[in-house]
Amino acid sequence: MERNSVSPLYAAIDLGSNSFHMWVVREVNGSVQTLAKIKRKVRLAAGLNNQNELSQDAIQRGLDCLAIFAERLQDIKPDHIRIVGTAALRTAVNANEFLSQAHSILGYPVSVIAGKEEARIIYQGVAHTSGGSDKRLVVDIGGASTEVIIGEGFDASALTSLKIGCVTWLERYFKDRYLTSVNFDAAINGAKEAIETIIERYTHQGWETCVGASGTVQALQEIMLAQGMDEIITLPKLKRLQRQAMQYERLEDLDIEGLTLERALVFPSGLSILIALFESLEIESMTLAGGALREGLIYEMMDQMRHHDVCSRTIMSMQQRFQLDHTHADNVSDMALALLAQCPSWQLEPPAENLLQAAAKLHEIGASIEFKKSGEHAAYLIKHMDLPGFTRAQKNLIAELLRRHNGPLTSLPEQHALSAPSAARLLRLLRLAIILCHRRDQNCLPPFSLRMEDNKLTLLLSAKWLINNPLTRSELTQEATRQTDMGWPMTVTAQD
């Protein structure tokens with residue numbers, strides 16, 4: 001029975017204005033493992049009339065969905081369940097009619113949370129799943145509200161819930177289902193009017209990075225990646241997508257590469273709100289957050305998950321799950337960073353060091369399945385696992401680094417986490433670090449220095465040490481040949 005389980009189950013249900021979501025997880029080695037994700041398009045906000053009354057059809061759509069969710073809750077302890085309603089239920093004057101029936105179906109009450117509380121929980125979901133310690137602006141575009149937050153670490157300093165959402169904007173500005181400049185301009189300007197109330201306070205506080213935590217942002221990123229762009233959202237890219245959308249006459253005709261049918265109906269309204277946010281707050285760029293409201297609900301139920309370094313927590317969890325040798329992994333990571341420190345003129349992008357550490361600490365994950373094809377297994381595992389703290393593009397780069405961490409050397413495929421030269425340099429240093437640490441004993445690590453000239457590396461090692469370690473000398477010589485053959489010049493030199 002679950003009540004006696006070592007790894008208890010948790011469930012979070014988010015009765016959103018556009019979709020109802022249910023997320024069931026269990027805690028495993030300091031991380032969460034998803035057991036079920038259930039989503040239904042209910043479009044509750046579309047059922048609100050001018051008097052803010054929910055239609056009977058909308059209420060019934062919601063109740064039918066909850067009847068599906070209810071079965072899954074039977075095996076979970078009551079204090080491990082959180083069910084919240086958001087903007088549409090905050091607005092509906094007849095919400096109690098829905099809530100009383102929902103309680104009967106689920107067996108648990110639904111807590112309709114205030115806008116600021118929703119923003120606070122969203123921020124916790126972002127903080128627990130997205131890497132970085134910078135001061136950040138968080139944006140979550142929902143069906144009937146948009147939450148805008150500024151925070152640092154796990155502490156939010158500004159929390160706002162604006163009454164603009166992709167479903168309500170659909171009904172207000174695209175009700176005729178036509179994609180015209182008049183409709184788009186009206187939707188953007190309408191959003192700007194709502195955003196105007198927070199501009200002064202938010203720009204005064206400022207932020208260093210910006211993340212989006214909504215389905216709208218995820219849909220935009222999927223479109224950009226499908227069209228060969230990187231995962232960074234910018235205003236020019238949003239304007240480009242707006243122009244693509246306006247090539248079609250009606251919403252039902254939308255056929256943009258990377259856009260799913262599920263998101264097509266609310267895509268223009270969500271895009272309009274995001275353009276307004278970028279222009280009003282002068283946002284330079286945005287990436288996709290790892291979590292939002294549901295993640296915040298789950299993590300707040302898990303006291304043991306309160307950890308201020310999400311990436312480190314993820315790596316530790318992976319090491320425990322696959323029984324990796326964390327001492328050896330730390331040695332490889334330290335060696336890789338020591339090599340990197342001797343290449344200051346490379347000037348890699350800010351995430352590079354963190355990605356190099358992650359690859360070094362997980363480089364043996366594929367060997368837990370099979371040694372011969374460990375690189376292939378490692379790449380598959382990394383690409384298909386949740387890695388809180390790392391973006392999709394960063395996961396893909398780590399996977400491709402591990403695919404090539406030893407043996408024959410091939411060039412990296414196109415990726416969007418770092419520039420191509422930076423990614424190649426990480427691969428070079430990772431492979432060197434693994435070879436230098438192959439004896440798995442910190443006391444056997446050689447004194448070394450690494451010289452660089454443009455893209456050429458010269459590894460200097462003691463002549464005596466090279467004589468006493470013929471296997472390592474052979475592997476380093478072979479590695480130098482492999483890198484040079486790739487157009488990455490490298491030599492190994494003995495010194496007295």
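What follows is a short exchange on helix packing, sheets, a pocket and a cavity.

Tutor: Ground rules come before the terms. This is a predicted model, where local features need pLDDT of at least 70, side-chain atom pairs count only at pLDDT 80 or more, and totals for chains, interfaces and linings use all residues. Residues are numbered from 1 along each chain as its sequence is written, and side-chain values use heavy atoms, with hydrogens and water left out.

Student: Why is H8 called roughly perpendicular to H11?

Tutor: The axes of helix H8 (residues 215-226) and helix H11 (residues 267-281) cross at roughly 100° and come within 10 Å. Roughly perpendicular covers 65 to 115 degrees. That makes H8 roughly perpendicular to H11. Axes are lines fitted to C-alpha atoms, for helices over the stretch in contact, and angles run from 0 to 180 degrees between N-to-C directions. Helices (H or I, at least four residues) and strands (E, at least two) are DSSP runs, numbered from the N terminus.

Student: Which residues make the contact of H8 with H11?

Tutor: H8 brings Thr216, Val217, Leu220 and Ile223, and these meet Phe267, Gly270, Leu271 and Leu274 in H11. Contact means heavy atoms within 4.5 Å. By class, the contact has six nonpolar, two polar and no charged residues. Ala, Val, Leu, Ile, Met, Phe, Trp, Tyr, Cys and Pro count as nonpolar, Asp, Glu, Lys and Arg as charged, and the others, Gly among them, as polar.

Student: What makes E3 and E5 edge strands?

Tutor: Strand E3 (31-41) and strand E5 (111-112) each pair on one side only. Their open sheet has five strands in the order E3-E2-E1-E4-E5, with mixed pairing. Two strands pair if DSSP finds at least two bridges between them. Strand E2 (residues 19-28) and E3 are joined by ten bridges and run antiparallel. Therefore E2 and E3 count as paired.

Student: How do you know that E7 and E8 pair?

Tutor: Seven bridges join strand E7 (residues 146-152) to strand E8 (residues 155-162), and the two run antiparallel. Isoleucine 150 stands opposite alanine 158 in E8. E7 and E8 form a hairpin with two residues between them, and glycine 153 in the turn has a positive phi of about 60°. In the open sheet E8-E7-E6-E9-E10, E8 is an edge strand, as is strand E10 (287-288).

Student: What makes a set of grid points a pocket or a cavity?

Tutor: On a 1 Å grid over the protein atoms alone, a cavity is a set of points where a 1.4 Å probe fits but cannot get out; a pocket is an open set with protein on both sides within 12 Å along at least five of seven lines. Lining residues have an atom within 4 Å of a point. The second largest pocket has a volume of about 700 Å³. Of its 26 lining residues, the closest to its centre are Phe371, Ser374, His405, Asn406 and Gly407. H20 gives the most to this lining, with four residues.

Student: Which residues line the largest cavity?

Tutor: They are Leu436, His438, Arg439, Cys444, Trp465, Asn469 and Thr472. The largest cavity has a volume of about 30 Å³. Its lining has three nonpolar, three polar and one charged residues.

Definitions and conventions
Angles under 35 degrees count as roughly parallel, over 145 as roughly antiparallel, 65 to 115 as roughly perpendicular and the rest as oblique. Grid points are joined across faces, edges and corners, and a volume is the space filled by probe spheres set on the points.
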